[in-house]
Amino acid sequence: MEIILFIVVIVLVVWLGRLSGRLDSLELRVRQQQLTIDTLKASGTDSQQAQTETALLRPASHGVKKSGSTVPDSSGRGASTPPTSSPLNSALVSFWAHLHSHWLLWIGGISLAIGGLFLARYAIDAGVLSAGLRVLLIGAFGCALVGVAIYLDRHRERFAVRSPLVTAAIASGGVITCYAILLVAHTTYHFIGPESTFLLLAIVSLFTTWLTLRLGIMLAMVGLVGAYLVPALIQTETPSAWVLIGYLQLVTLSVVYIAQRVEQQNLCRLALAFHGLWLLFAAVSVDQNQVVPILAGVIGLLYAFTLIPVLGWRLLHRHSDPVTVKDWFAFTTVSAGWLVASGVMVVFVILATQAWIIGLITAVFAVALCLGACRHSRLDGLPFVAVGVTAVGVVSLFGLSEYRSPVNMFAFPSVYTQLAVLCYGLFGVVMARRYPERLGYAVLPVIAIPLLLALPFSIRNNLDSLVPLYSVELGIYALISATALMRVSSANQKLCSNLLMHGCITLLLSLYLTDNSLTVALSLQVASLLSSARRLAVSVPEWIVKLAVGVIVLRLTIAPFDINTATNNALGDYWIFVTYPLVLIAFATGYRFAPATLQKWLVGAQLHIGALLLSTATCLFLTGSVLAWPLSLPTAILLSANWLILAAVYLWRAQSAGSASTLYKSYGGLLTGIALAFQFGLLIMHNPFLSQGVLPVSNTALWLVLWWLVPGALIAVISRYAKAASLLRRSLLVIASAFSILFINGAIRLLYQKSDIALSLSTGQTELYTYSVVWLIIAALFLVAGHQRRHVIISRVGLTLLLAVICKVFLIDTSHLEGLLRALSFLGLGGSLVALGWLFQRINAAATSSSPASG
């Protein structure tokens with residue numbers, strides 16, 4: 001420990017030395033600027049400009065408030081207009097200047113504090129003097145340091161004390177020594193009881209507060225760090241959670257009071273970090289039966305950092321005007337307080353192994369959060385935090401080993417869940433009637449009831465005994481929501497009642513329906529929600545509808561790959577002709593009542609579902625099953641073709657999707673890339689030209705069409721949505737041409753080979769001539785089309801094909817011919833070329849004769 005502290009001191013000295021060098025450079029630059037300003041003044045420069053520059057170079061002027069320069073801040077009160085230089089920068093410059101001038105005093109104060117701590121440790125280890133005498137001497141030493149600091153502060157002029165840092169450094173060492181020796185006297189030697197220890201520590205904390213207000217904020221920083229480090233430096237054989245929690249609370253409340261008096265929130269943030277770490281350590285290390293001190297510590301942290309800044313020390317401040325959701329969860333010391341408290345509580349709940357502990361701490365913590373929200377609208381987000389902690393409690397209860405077997409309705413986890421749902425529902429309803437303009441209370445039952453009732457079934461499968469009870473409860477809550485929907489007049493309350501009703505109905509359906517039936521029920525709920533929202537003239541949050549639609553589309557996309565979908569369905573694989581159309585009808589119905597922004601979302605979902613229906617129906621008719629894993633070659637061919645169909649549909653939809661066009665283009669491009677990668681893999685692993693028996697025996701020509709012709713045509717269509725003359729469009733056209741070449745050659749070979757196109761099979765002379773004739777016709781068509789449209793690329797393609805045909809005829813077709821057959825073949829080729837040249841002349845003559853007439 002001594003080595004570690006010595007290294008810390010050395011690092012501080014080196015750091016402050018480097019800092020002093022930087023400050024020397026900064027002072028030199030400031031002096032140079034001041035000399036420049038003085039020169040300008042002496043030469044008669046405009047006085048106003050000189051005054052402006054001087055103000056910019058003087059950090060102390062940043063803190064001066066000018067009349068008429070106040071602007072309203074977030075709380076509605078006036079605040080000074082931000083200066084040209086940030087106040088934070090000015091404060092840092094001032095702080096570094098103090099360190100530069102008095103860094104030796106800081107090191108001395110830290111050394112005094114460390115010495116006091118080691119004296120306290122010496123009181124435990126050494127045996128030179130009696131324990132009581134050692135404790136009294138060390139305590140007297142700490143008090144003496146504090147007394148010297150106060151005496152020097154009162155006689156600054158006499159002792160030439162020009163900085164409060166001198167007295168602050170001495171006093172900080174004395175305060176830390178007093179903290180340490182009091183803990184030693186109680187925990188190690190038992191000289192004083194718990195009540196006396198708390199009283200003395202409270203006196204020291206209050207005295208430190210007074211010293212801070214008298215000697216400056218620097219003492220608060222030193223005293224804060226030292227006070228929170230005392231429990232770590234002074235270890236005892238029998239640690240007490242109550243002592244630790246009480247000590248932390250006293251120190252924290254003192255720091256909060258100091259921070260409020262000197263308006264330094266950084267003190268609160270530092271204290272929150274230390275307090276939270278100590279509570280987390282206590283929650284992890286103490287025995288689970290010591291639940292009360294841990295709960296008291298969490299409530300104390302919540303009180304110090306969340307409730308005091310908003311409600312005051314006596315919790316008397318009230319505010320009922322509505323506050324935005326952004327202000328609920330804005331990251332400030334208030335929100336950081338409940339966030340740290342909730343985190344510690346969640347960790348303790350997860351580690352707890354007894355049901356009564358989980359129920360007690362989550363219930364008490366939730367009550368504390370909800371009571372805080374009752375008094376101030378700034379804290380309206382706390383009930384939702386309570387719901388989150390309660391949800392963790394429900395998951396932990398149903399995960400306990402003693403409840404692994406089927407749970408009945410009277411088991412503790414079930415009773416706890418039902419009581420929590422009832423309490424949150426009643427709390428939200430009562431507070432919503434009392435404060436109808438505060439939206440949080442109306443939203444609370446909408447989130448709490450479905451969430452808490454759904455959690456047990458989402459983590460456990462053997463809860464069939466709870467289904468009847470939960471079904472009745474969900475029906476009652478849905479009925480109450482429907483009744484409230486007809487009676488309330490506020491738009492927000494109507495919306496929340498509508499959402500709660502549909503949420504309960506959806507959860508109720510999920511208890512009895514599975515797979516496709518549940519998906520259809522969810523889509524009908526979406527349509528019903530949009531219809532009722534239109535009828536009630538309220539707007540449903542778009543993210544709710546988008547989330548529901550996304551979940552439905554995801555379920556429908558995954559369903560064909562799940563073998564249990566057809567097994568658990570009375571329709572077998574023909575479920576696609578029932579589920580997909582019903583969902584399409586539900587979305588089409590919802591489209592009629594949805595706003596314009598949601599209509600685009602629903603149209604995109606319908607397009608996707610329609611493409612899924614097309615893909616699965618094609619696989620079913622051609623392969624006999626929807627989708628089976630591992631995929632067979634016919635299924636893989638159909639999937640790649642269907643993915644390209646989906647990509648073309650999405651890219652077409654992107655032209656009129658508005659703000660959603662980027663999503664459609666991205667998804668279309670992704671599907672195109674996946675389909676091409678799939679096709680490349682099929683060509684490498686299952687190339688029908690290289691291996692025999694690859695193609696299906698029946699309907700072989702149809703499979704060639706689906707494998708190469710359809711993808712080639714679709715890729716050509718997709719290329720139209722790429723930018724003109726771009727590399728992407730040209731690449732897609734090249735790929736489409738490659739698919740076309742594969743199909744044409746495969747079709748010709750299949751015409752002669754009947755059921756296979758492998759190159760290892762014998763090739764007749766007639767087949768060779770057929771290739772030449774077909775590609776010669778294709779080349780001629782390209783040449784004619786390119787000439788008519790005056791398209792250079794099409795003409796070049798035709799010429800390339802023509803040259804390839806000529807080379808094939810000379811090198812392959814005529815290589816086995818002799819005599820009359822060779823002569824006839826060359827005559828046929830020459831006649832074809834002459835006829836092609838004559839055709840070009842006719843086309844050129846017609847184009848030339850029509851040009852003057854048109855002019």
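**Helix packing and salt bridges in the predicted model**

The axes of helix α16 (residues 412–434) and helix α17 (residues 439–459) approach within 8 Å and cross at roughly 170 degrees; axes are lines fitted to C-alpha atoms, for helices over the stretch in contact, and angles between N-to-C directions run from 0 to 180 degrees. Helix α16 is therefore roughly antiparallel to α17, a term applied to angles over 145 degrees. The structure is a predicted model, in which local features require pLDDT of at least 70 and side-chain atom pairs count only at pLDDT 80 or more, whereas totals for chains, interfaces and linings use all residues. Residues are numbered from 1 along each chain as its sequence is written, and side-chain values use heavy atoms, with hydrogens and water left out. Helices are DSSP runs of H or I with at least four residues, numbered from the N terminus.

On the α16 side, the residues making the contact with α17 include Tyr-424, Phe-427 and Met-431; contact denotes heavy atoms within 4.5 Å. Helix α17 contributes, among others, Leu-444, Ile-449 and Leu-452. The contact residues comprise 16 nonpolar, three polar and no charged, where Ala, Val, Leu, Ile, Met, Phe, Trp, Tyr, Cys and Pro count as nonpolar, Asp, Glu, Lys and Arg as charged, and the others, Gly among them, as polar.

Three salt bridges were found in the whole structure, each defined as a side-chain nitrogen of Lys or Arg within 4 Å of a carboxyl oxygen of Asp or Glu. Asp-380 and Arg-438 are joined by one of them, with an N to O distance of 2.5 Å. Because Asp-380 lies in the loop between α14 (355–375) and α15 (382–398) and Arg-438 in the loop between α16 and α17, the pair ties together parts that are 58 residues apart in sequence. Both Asp-380 and Arg-438 are buried (buried, under 20% relative accessible area; exposed, over 50%; partly exposed, in between; 1.4 Å probe, protein chains only).

A salt bridge also links Arg-749 and Glu-767, at 2.8 Å from N to O. Arg-749 belongs to helix α28 (residues 727–753) and Glu-767 to helix α29, so this pair ties together parts that are 18 residues apart in sequence. Arg-749 is buried, with a relative accessible area of 2%, and Glu-767 is buried, with a value of 2%.

In the salt bridge between Glu-542 and Lys-546, the closest N and O atoms are 3.9 Å apart. Glu-542 and Lys-546 are four residues apart in helix α21 (residues 542–558) and are therefore separated by about one helical turn. Glu-542 is partly exposed, at 30% relative accessible area, as is Lys-546, at 29%.

Technical notes
Helix = DSSP H or I, 4+ residues; strand = E, 2+ residues; numbered from the N terminus. Parallel < 35°, antiparallel > 145°, perpendicular 65-115°, else oblique.
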